[in-house]
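Open the model in your viewer and keep the sequence panel beside it. Each stop below says what to select and what you will find there.

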Amino acid sequence: GEVKEIMKTYFNYEVEVTGDVTVDRIKQELAAGKLIIVPAAGRELGNPYFTQPGPLYHMLVIRGYDRNQFITNDPGTRRGARYKYKYQTLINAVHDWNDGDVENGKKLMVLVSPN
């Protein structure tokens, strides 16, 4: 959708959208040097720094991982740089907009290959 078009048009990056949102696939794409953008049901993330109850819909960048958590850049809070989410918490929260019914939105992620 829109994120894909913005990345292609304004930044001339190779972009792929996939519904294969798993811990292993995310690790594989990060190891390949890709940037990953995910849409999420923000309230399912449980980030204590969000103004409660948290955003209905939210997007963030997955930039890496450690043994138990994904490392993100989360623009939803001033403390979002390198913010960590447990693997399953983030996977469970990934949902597209779905005309405002975010919790029932498809799982997808945008893979960006910087040139």
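Predicted model: local features only at pLDDT ≥ 70, side-chain atom pairs only at ≥ 80, totals over all residues.

Start with the buried residues of helix α2, which pack against β1 (14-18), β2 (35-40), β3 (58-65), β4 (69-73), α3 (87-93) and β6 (109-113).

**Stop 1: helix α2**

Select residues 23-31, the span of α2, and pick out Val23, Arg25, Ile26, Glu29 and Leu30, which are buried. They lie on the same side of α2, because the arc they cover around the axis is only 165°. Now turn to the other side of the helix: Asp24, Gln28 and Ala31 are exposed there. Just after α2, select Gly33, where phi is positive at about 85°.

**Stop 2: Glu29**

Glu29 belongs to helix α2. Show what surrounds it: leaving out residues up to four places away in sequence, Glu29 touches Lys34, Ile36 and Leu111.

**Stop 3: Pro55**

Move to the loop between β2 and β3 and select Pro55. With a relative accessible area of 24%, Pro55 is partly exposed. Which residues does Pro55 contact, once its neighbours within four places in sequence are set aside? They are Ala41, Gly42, Arg43 and Phe50. For a distance label, pick the C-alpha atoms of Pro55 and Asn104: they are 15 Å apart in space, and the two residues are 49 apart in sequence.

**Stop 4: Lys106**

Next, go to the loop between α3 and β6, the place of Lys106. Lys106 is exposed, with a relative accessible area of 66%. Not counting residues up to four places away in sequence, Lys106 touches Val94, His95 and Asp96.

**Stop 5: the whole chain**

Zoom out and colour by secondary structure. How many helices and strands does the protein chain have? There are three helices and six strands. In sequence order the pattern is α-β-α-β-β-β-β-α-β.

With the C-alpha trace displayed, the spans along the principal axes are about 40 × 35 × 25 Å. The radius of gyration is 13 Å, which agrees with the value near 13 Å for a compact globule of 115 residues.

Of the 115 residues in the protein chain, 39% are buried.

Finish with the surface view. The protein chain exposes about 6,800 Å², and carbon and sulfur atoms supply 47% of that area. To look at charge, colour the 15 positive and 14 negative charges separately; their mean positions are 9 Å apart.

Definitions and conventions:
Residues numbered from 1 in each chain as written. Heavy atoms only, no water. Helix = DSSP H or I, 4+ residues; strand = E, 2+ residues; numbered from the N terminus. Rg over C-alpha atoms; globule rule 2.2 N^0.38 Å. Buried < 20%, exposed > 50% of the residue type's maximum accessible area, 1.4 Å probe, protein only. Areas by Shrake-Rupley, 256 points an atom, 1.4 Å probe, with all protein chains shown as cover. Lys, Arg positive; Asp, Glu negative; His and termini not counted. Charge placed at Lys NZ, Arg CZ, Asp CG, Glu CD. Arc of directions from axis to C-beta. Contact = heavy atoms within 4.5 Å.
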